[in-house]
Amino acid sequence: MGNIGNITVINNYCESSDIMAINAGFQKKAEHSFGPYVNNYHVLQFVLSGKGTLNINTHEWKLRENTLFYLPAGVSCKYYADADDPYEYYWVSFIGTKAQQIVQNCGLSSKLPVKQMENSQVRELFEAIFRNIRSDSADYAYKILSDLYQLFFLISETNQDKLNPPRSVLINNALAYMAANYHLGITVEDVSKHLYMNLPYFSELFTKETGVNPSKYLMNIRMSNAMAFLQNTNMKIGKIALAVGMTPLAFTNAFKKRYRYTPQEYRRKSDKTVLND
């Protein structure tokens, strides 16, 4: 069935490596099914009307009006419209070095990907993000980012699990050091030395407090920034690799392993606005 009645618009004015909306779209009522598929980015979708079903791993959730559902990056998902009352929905896709942290703060995960959002402002924010990305104007770059953060705030307000302990000063310093120096080719060992910590203990503490090991976190920073370069500049692949602190060969191999495309292939695929009637 594919993407019948699907409109996808690409954001050509991403301004932040922390979080950025890379595209948005609208799915009108139609016989619709998508997946199983693994996205290389995070997706939030909001059902305007109708019904559908979401499958992640062996679990199933029913979708209805005002259901917000989350498609995690790197996880196989499938969703489809009800045969008698098909859904229509907006979506927004996003990446960034803080994307995973923000999603966790919202109480969303592959195990808990669904929330009922009765606040009318949620629909208005999805509409605004879609409309402003579709305008393809740099004037709306910060408005898109502002609306995305506001959406995350509204979702986080429904999160009952707000008791996560604050990060230690050491780990906050580690995050800041990675963000400021990833382009210099630093390693996790360099970070631990900067903090005067032995590597095993640093890795254990970092993973405990952030939910991700430091090697993966550092690679996330590099890949998110590389994607921004690929989408928004004409820089050569070799220069992008160096700009994120990697050799060209290591960068190409890591990028393809993570996203299933080479950097060149990804640039070609993301360089268009797709309209499917």
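Q: In which loop does Arg260 lie?
A: This is a predicted model, so let's start by finding our way around it. Arg260 isn't a glycine, yet it has a positive phi of about 75°. As for its place in the chain, look between H9 and helix H10 (263-269): Arg260 lies in the loop between H9 and H10.

Q: How are helices H7 and H9 oriented relative to each other: roughly parallel or roughly perpendicular?
A: Two packed helices are described by the angle between their axes and the distance between the axes. Here, the axes of H7 (residues 214-232) and H9 (residues 248-259) come within 11 Å and cross at roughly 95°. Angles of 65 to 115 degrees count as roughly perpendicular, so H7 and H9 are roughly perpendicular.

Q: How many nonpolar residues are in the contact of H7 with H9?
A: H7 brings Lys216, Met219, Asn220, Met223, Ala226, Met227 and Leu230 to the contact. From H9 come Phe251, Ala254, Phe255, Arg258 and Tyr259. Sorted by class, there are 2 charged residues, 1 polar one, and the nonpolar ones number 9.

Q: Is Thr53 buried or exposed?
A: Thr53 sits in strand S5 (residues 52-56). Its relative accessible area is 6%, and the cut-off for buried is under 20%. So Thr53 is buried.

Q: Which side chain makes a polar contact with the side chain of Thr53?
A: Leaving out residues up to four places away in sequence, Thr53 touches Glu60, Trp61, Lys62, Leu63, Lys78, Tyr79 and Tyr80. For the polar contact, at 3.2 Å, the partner is the side chain of Lys62.

Q: How far apart in space are Tyr80 and Leu54, C-alpha to C-alpha?
A: Tyr80 belongs to strand S8 (residues 76-81), and among the residues it touches are Gly52, Thr53 and Asn55. Along the sequence, Tyr80 and Leu54 are 26 residues apart. In space, C-alpha to C-alpha, their separation is 6.8 Å.

Q: What is the exposure class of Asn57?
A: Asn57 lies in the loop between S5 and strand S6 (59-63), and its phi is near 60°, a positive value in a residue other than glycine. Its relative accessibility is 60%, and over 50% is the cut-off for exposed. So Asn57 counts as exposed.

Q: Over which residues is the pLDDT below 50?
A: The protein averages a pLDDT of 85, and 88% of the residues score at least 70. One stretch has a pLDDT below 50, with 12 contacts in the model beyond near neighbours in sequence: residues 272-277.

Conventions. Residues are numbered from 1 along each chain as its sequence is written. This is a predicted model: local features need pLDDT of at least 70, side-chain atom pairs count only at pLDDT 80 or more; totals for chains, interfaces and linings use all residues. Side-chain values use heavy atoms; hydrogens and water are left out. Axes are lines fitted to C-alpha atoms, for helices over the stretch in contact, and angles run from 0 to 180 degrees between N-to-C directions. Helices (H or I, at least four residues) and strands (E, at least two) are DSSP runs, numbered from the N terminus. Angles under 35 degrees count as roughly parallel, over 145 as roughly antiparallel, 65 to 115 as roughly perpendicular and the rest as oblique. Contact means heavy atoms within 4.5 Å. Ala, Val, Leu, Ile, Met, Phe, Trp, Tyr, Cys and Pro count as nonpolar, Asp, Glu, Lys and Arg as charged, and the others, Gly among them, as polar. pLDDT is the predictor's confidence in each residue, from 0 to 100. Buried means under 20% relative accessible area, exposed over 50%, partly exposed in between (1.4 Å probe, protein chains only). A polar contact is a pair of N or O atoms within 3.5 Å; within protein, one must be able to donate a hydrogen and the other to accept it, and residues adjacent in sequence count only if both atoms are side-chain atoms.
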